[in-house]
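Thanks for taking a look at this one with me. Here are my notes, point by point, to read alongside the model.

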Amino acid sequence: MGVATADPPRAIRTPPTPGLPPGPDWSLARTMWHWWRRPLPTLEACRARYGEMFTIRLPHEGTWVFVSDPETVKQVFTGDPTLLRAGAANVVLLPVLGEHSVLLLDEPEHMAQRKLMLPSFHGKRMQAYREVMARAATEEIDRWPTDAPIRMRPRMQSVTLEVILRAVFGVDEGARVALLRDELRSTLTLLSNPRRAIFLVLLGPERLRRFPPFRRQVERVDRLLFAEIRSRREAADLAERDDILSLLLQATHEDGRPMSDRELRDELMTLLVAGHETTATALSWAVELLARHPDERERLEADVGSGDGAYLDAVIKETLRLRPVVALVLRKLVEPMEFGGWLLPAGASVAPSIHLVHRNPDIYPEPDRFRPERFLERPAGTYTWIPFGGGVRRCLGGAFAEFEMSVVLRELVARRRLLPAGDEPEHPVRSTITNVPSGGAEVLAVSRTSRLPAGELTH
Ligand code: HEM
């Protein structure tokens with residue numbers, strides 16, 4: 001009996017499974033506890049139990065489907081931004097940032113606003129801020145004791161606030177700056193205290209906007225920002241200035257319109273909120289890790305001394321890999337979409353997990369080890385090193401942040417030797433949206449016996 005021969009079977013595509021990948025079935029209280037108190041161990045436990053894709057439902061925030069396979073992450077970052085919305089997920093920040101904020105908009109308004117801002121953040125432009133960053137760092141470092149423990153996080157917050165005031169807002173000395181600095185600090189405190197942040201989330205953006213103590217704080221800061229914008233618009237030297245506010249004042253929409261005062265105010269607030277705490281946290285992690293890894297710290301001292309900079313860059317990359325400041329990014333689905341074999345429903349959010357991608361042993365052997373050399377051996381991949389997110393929503397300030405970290409660390413390592421202040425390494429704990437060192441990155445920063453001419457080093 002003859003056997004019917006058939007053409008070799010074509011690859012048959014299995015239709016995606018409609019619905020949500022499995023995930024923990026916790027009560028509301030348990031989910032809140034896990035998510036607010038132990039976000040990173042929770043992500044790791046879920047991946048171990050459910051695999052590469054899993055779902056967590058968060059009260060007031062929605063249904064989040066976590067992904068960490070680089071192919072799926074790529075699909076999310078390169079997907080159609082009109083269907084994958086990032087702005088909607090940040091709506092809780094609306095009362096502080098304002099409706100024109102690039103962080104809150106979705107297409108097509110998002111791209112219009114992003115295009116206005118992109119040229120100011122181009123990597124090549126960053127050299128213009130070296131001086132300002134180095135000055136903010138050295139003024140701060142010179143005030144530190146040489147023989148007592150220092151908690152780095154507040155110190156680095158002070159440095160990054162000064163950098164934003166000078167490089168982004170373009171303000172420097174004087175009484176007006178002091179007032180602006182105080183009011184901006186008070187506004188940031190509203191957001192950075194986790195207990196208060198939960199309260200703000202539960203209140204919701206509309207009620208929060210009307211909440212009197214909150215409204216008064218925002219009005220105070222707005223008065224100062226609008227005054228700054230108006231006086232800068234009329235500044236005789238506007239065209240020669242290179243601070244970001246001055247650049248944005250000269251930018252125009254596609255139809256030739258300049259940005260309105262309201263747009264400028266919202267973007268200044270956005271840059272402050274997105275750029276201050278994040279960079280300070282990344283710097284504190286770098287210091288904490290270096291203090292606990294003497295070989296790596298010594299190699300960095302030598303690198304900074306020689307003016308090379310390649311190892312410094314690797315230290316920054318490895319810090320942001322091992323201790324990413326933000327654990328995930330979100331894209332809310334406008335219509336059902338397929339990812340990793342699932343047809344996810346509209347309304348759910350797909351969440352590339354920065355933390356899980358960075359801890360994948362197939363990509364990073366010995367993923368829990370601090371080993372900057374790995375970035376000298378292999379460059380960071382677009383979808384495997386994602387501390388700044390990706391695609392059309394990738395962090396606008398990524399080059400700014402990396403450059404600022406390199407300038408501040410260079411000044412610090414040239415002046416002080418970093419040593420641990422206690423026996424236990426610090427672990428990440430949640431502070432609103434960032435993951436910060438549990439003890440504030442407490443270290444000793446003793447004097448270096450041989451001083452290097454930090455200001456003269458070239459990168
Ligand atoms: C180490 C420091 C920083 C980290 C880890 C960080 C991380 C991030 C992440 C994860 C996103 C979301 C990306 C996405 O959804 O794909 C983001 C967006 C953003 N970041 Fe950063 N950031 C840092 C510093 C800064 C700085 C210094 C600035 C500005 C001065 C800045 C401005 C922004 C803006 C404007 C966005 C919104 C971009 C958009 O929606 O188009 N960030 N950042």
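1. Two strands count as paired if DSSP finds at least two bridges between them. Helices (H or I, at least four residues) and strands (E, at least two) are DSSP runs, numbered from the N terminus. This is a predicted model, in which local features need pLDDT of at least 70 and side-chain atom pairs count only at pLDDT 80 or more, while totals for chains, interfaces and linings use all residues. Residues are numbered from 1 along each chain as its sequence is written, and side-chain values use heavy atoms, with hydrogens and water left out.

2. Let me start with the open sheet of three strands, ordered β5-β13-β10 with antiparallel pairing. Its edge strands are β5 (150–151) and β10 (416–420), each pairing on one side only. β10 and β13 (residues 442–447) are joined by five bridges, and P420 stands opposite V443 in β13. Across β10 and β13 lies α18, at about 90° to β10 (axes are lines fitted to C-alpha atoms, for helices over the stretch in contact, and angles run from 0 to 180 degrees between N-to-C directions).

3. The iron site is worth a look. C395 (SG) is the only protein donor of the ligand's iron atom, at 2.2 Å; donors are N, O and S atoms within 2.8 Å of the metal (3.2 Å for Na, K and Ca), and with water not among the atoms, sites may look incomplete. C395 sits in the loop between α17 (374–377) and α18 (398–415).

4. Buried or exposed: where does C46 fall? C46 is buried, at 3% relative accessibility, whereas C395 is partly exposed at 33% (buried is under 20% relative accessible area, exposed over 50%, partly exposed in between, with a 1.4 Å probe and protein chains only). The structure has zero disulfides, a disulfide being a pair of cysteine sulfur atoms within 2.5 Å.

5. Now the interior. A nonpolar core is a set of buried Ala, Val, Leu, Ile, Met, Phe, Trp, Tyr and Cys residues joined through side-chain atoms within 4.5 Å. The largest has 96 residues, of which M156, F169 and F400 touch the most other members. Helix α13 (residues 261–292) gives the most to this core, 14 residues. A second, separate core of 17 residues includes V65, V73, V329 and M337.

6. β2 pairs with β3 (residues 62–67) in the antiparallel sense over five bridges, with R57 opposite T63. Three residues lie between the strands, and H60 takes a positive phi near 70°.

Technical notes:
Contact = heavy atoms within 4.5 Å.
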